[in-house]
Amino acid sequence: MDVGEVHNGHDGNLKHLCILVVDDENDARDLMVIMLSHYGAMVETAASAEEALRKFKEQHWLILPDIIVSDIGMPDMDGYYFIEELRKLNEEQGGNIPAIALTGFCSTTDKLRTLTSGFQAHLAKPVEPDKLVSLICKVTNLTGKRI
């Protein structure tokens with residue numbers, strides 16, 4: 001699918017949306033940056049769950065991300081533990097930022113665990129750009145262009 005294709009009732013414009021991508025795989029992070037930037041998003045990255053959590057605890061941000069897209073299967077701290085720890089932080093630290101799990105773990109049990117641990121949505125890898133953009137729009141209540 002061409003990265004530029006957009007359907008499902010949104011225009012694919014993620015302009016002014018700040019997205020944190022958490023993934024231990026360099027190529028996966030780079031691909032997400034390219035894809036999401038194409039749709040107008042500002043993209044921050046973290047190479048591990050520990051790095052992402054540290055950024056929140058140390059208030060690394062000029063502005064907090066609007067949404068997190070995180071891998072689940074990462075060494076040391078997985079995505080489940082990351083989101084559980086993030087949800088313990090207060091609102092000003094980013095504890096309530098919506099999050100999408102982007103993962104190869106796709107069983108019904110995996111999906112349920114993803115949602116019960118604090119993610120708002122679960123999306124299987126490999127991801128189609130349009131599906132990810134649609135889900136980001138849905139989770140952030142973004143239905144069109146942001147001003």
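Two strands are taken to pair if DSSP finds at least two bridges between them; helices (H or I, at least four residues) and strands (E, at least two) are DSSP runs numbered from the N terminus. The model is predicted, so that local features need pLDDT of at least 70 and side-chain atom pairs count only at pLDDT 80 or more, while totals for chains, interfaces and linings use all residues. Residues are numbered from 1 along each chain as its sequence is written, and side-chain values use heavy atoms, with hydrogens and water left out.

An open sheet is formed by five strands in the order β2-β1-β3-β4-β5, with parallel pairing. At its edges stand β2 (42–46) and β5 (121–124), each of which pairs on one side only. Five bridges join β1 (residues 18–22) to β2 in the parallel sense, and I19 stands opposite V43 in β2.

Axes are lines fitted to C-alpha atoms, for helices over the stretch in contact (heavy atoms within 4.5 Å), and angles run from 0 to 180 degrees between N-to-C directions. Helix α3 (residues 79–86) lies across β1, β3 (67–70) and β4 (99–103), at about 160° to β3. Helix α4 (residues 108–117) lies across β4 and β5 and runs at about 140° to β5.

The axes of α2 (residues 49–57) and α3 come within 10 Å and cross at roughly 10°. The two helices are therefore roughly parallel to each other (an angle under 35 degrees). In this contact, A49, A52, L53 and F56 of α2 meet F82, E85 and L86 of α3.

Terms used. Angles under 35 degrees count as roughly parallel, over 145 as roughly antiparallel, 65 to 115 as roughly perpendicular and the rest as oblique.
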